[in-house]
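Look at the picture, then read on.

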Amino acid sequence: MAWTRDQMAARAGKELKDGFYVNLGIGIPTLVANHVPPGISVQFHSENGMLGMGPFPFEGEEDPDLINAGKQTVTVLPTTSFFDSATSFAMIRGGHIQISILGALQVAENGDLANWAIPGKMVKGMGGAMDLVAGVPRVVVLMEHTAGGKAKILKTCNLPLTGAGVVNLIITDLGVFEVARPGLTLIDIAPEVTIDEIKSKTEAGFTVSPELQKRTAA
Amino acid sequence: MAVSKIYPDAKAALAGLLHDGMTIMSGGFGLCGIPSVLIEAIRDSGVKNLTVVSNNAGIDDVGLGLLLKTRQIKKMISSYVGENKTFAEQYLAGELEIEFNPQGTLAERIRAGGAGVPAFFTRTGAGTDVAKGKEEREFDGKKYVMEKGLRADLSVIHAWKGDTEGNLVYRMSARNFNPVMATAGNVTVVQVEHLVEAGELDPDHIVTPGIFVQRIVHPASIDKRIEQRTTRPKT
């Protein structure tokens, strides 16, 4: 049985460590904020110029001056700081943010990531995604395994790249891959999903970690 | 006595600064911290063939969306324009040019422009379409892309409080691109929510020093919109 969006976010939450500064992308990655493991403390960074992002406000307490990078109303925490966009990206490009968790249209087995454009169709722009994948040392992709029945984990991306060789970990509704460079290693799998099913839905080649081999053979 | 930086309204604050074909930087992120009153005055002036540098393009009836509707913009330099339908229509019809910059590259290009730095190297975009046609160089075994500093004929920005000297402070996430754009306009015009006398702001807390601000307008009211109203239930 495939993981739900919340279960995927919970799996991604395990990548967070105490004291991390964390950037979450739009979509499923936003849910990771609800799955910070107990006993650890992290600060969420928002590209528009905020560190220490709090939860959504109570109804009636929304403030147009207080939004996240998804343009959603948020709140402040005792740890919050505000800064300009150049400083915000100095944090990103300068390697001060420990982990970036974001969505993807395609990921290739060499860690290439495409998530910003579909030529002739989607003309939205890359926002901060290119800076994040270039500057943050650990990049985690959180996405559905396939889109409309088509594989998203490929030998080579055919959409315009967001970054070349930048992805470290891929979490889908079916399993988790480490980008080992060269090649992908499947390290975790959703309950009742088989390795054969993952193979049939993944264009890229991958190996299976010894630990997972043992687990699935048992 | 020094010439006053205070102008009675947005139209007066922009008088003599607008001409067809010029480049304008416009602060804000989404609809947060945008110079909404100054944008309306630019629309009313009828100036056209504008190149506008702004992280986003507003929404259909708010912010830069107003200038798209009237077709006063020829080209946008932005990082994300996903919320504007007019934009998508005009772009797909070939009526509007767009130069997408990664958001951090855009911010740094503006910072560099304002600081007199003609170009810099960044990892962002290396190995992607963004690097096409640009000089690349290797530092410590990694590829970097050369990006150029960016300036504008005019910067229009929004601040929370300003004093008569032009010293500015911002409020929460409405700061965003405003302070860097203040430095990169040949002339910078600010709309402030509160205007105070010089000396009333704590000098230690000033974010934009008045040297970067030439003209100030204090509109009677500024309509601040929320793009995505998200809330949680009271427990």
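The side chain of Asp163(B) makes a polar contact with the side chain of Asn167(B), at 3.0 Å. A polar contact is a pair of N or O atoms within 3.5 Å; within protein, one must be able to donate a hydrogen and the other to accept it, and residues adjacent in sequence count only if both atoms are side-chain atoms. This is a predicted model, where local features need pLDDT of at least 70, side-chain atom pairs count only at pLDDT 80 or more, and totals for chains, interfaces and linings use all residues. Residues are numbered from 1 along each chain as its sequence is written, chains are lettered from A and ligands numbered from 1 in the order in which they are written, and side-chain values use heavy atoms, with hydrogens and water left out.

Asp163(B) sits in strand S9 (residues 152-163) of chain B. Strands (E, at least two residues) and helices (H or I, at least four) are DSSP runs, numbered from the N terminus. Is Asp163(B) buried or exposed? Asp163(B) is buried, meaning under 20% relative accessible area (1.4 Å probe, protein chains only). Lys and Arg count as positive and Asp and Glu as negative; His and the chain ends are not counted.

## Where the chains meet

Chain A gives 44 residues to the contact and chain B gives 51. Contact means heavy atoms within 4.5 Å. There are 4 salt bridges between chain A and chain B. Arg171(B) forms a salt bridge with Asp63(A). The largest share of the side of chain A that touches chain B, 4 residues, comes from H2(A).

| Pair | Distance |
|---|---|
| Asp163(B) side chain and Asn167(B) side chain | 3.0 Å |
| Arg171(B) and Asp63(A), closest N and O atoms | 2.5 Å |
| Asp84(A) side-chain oxygen and Ala86(A) backbone nitrogen | within 2.8 Å |

## Helix H2 of chain A

H2(A) spans residues 85-93, and its buried residues include Phe89(A) and Ile92(A). What covers the buried residues includes helix H3 (129-135) of chain A and helix H5 (103-114) of chain B. Asp84(A) stands at the start of H2(A). Just after H2(A), Gly95(A) takes a positive phi of about 80°.

How values were computed: Buried < 20%, exposed > 50% of the residue type's maximum accessible area, 1.4 Å probe, protein only. Salt bridge = Lys/Arg side-chain N within 4 Å of Asp/Glu carboxyl O.
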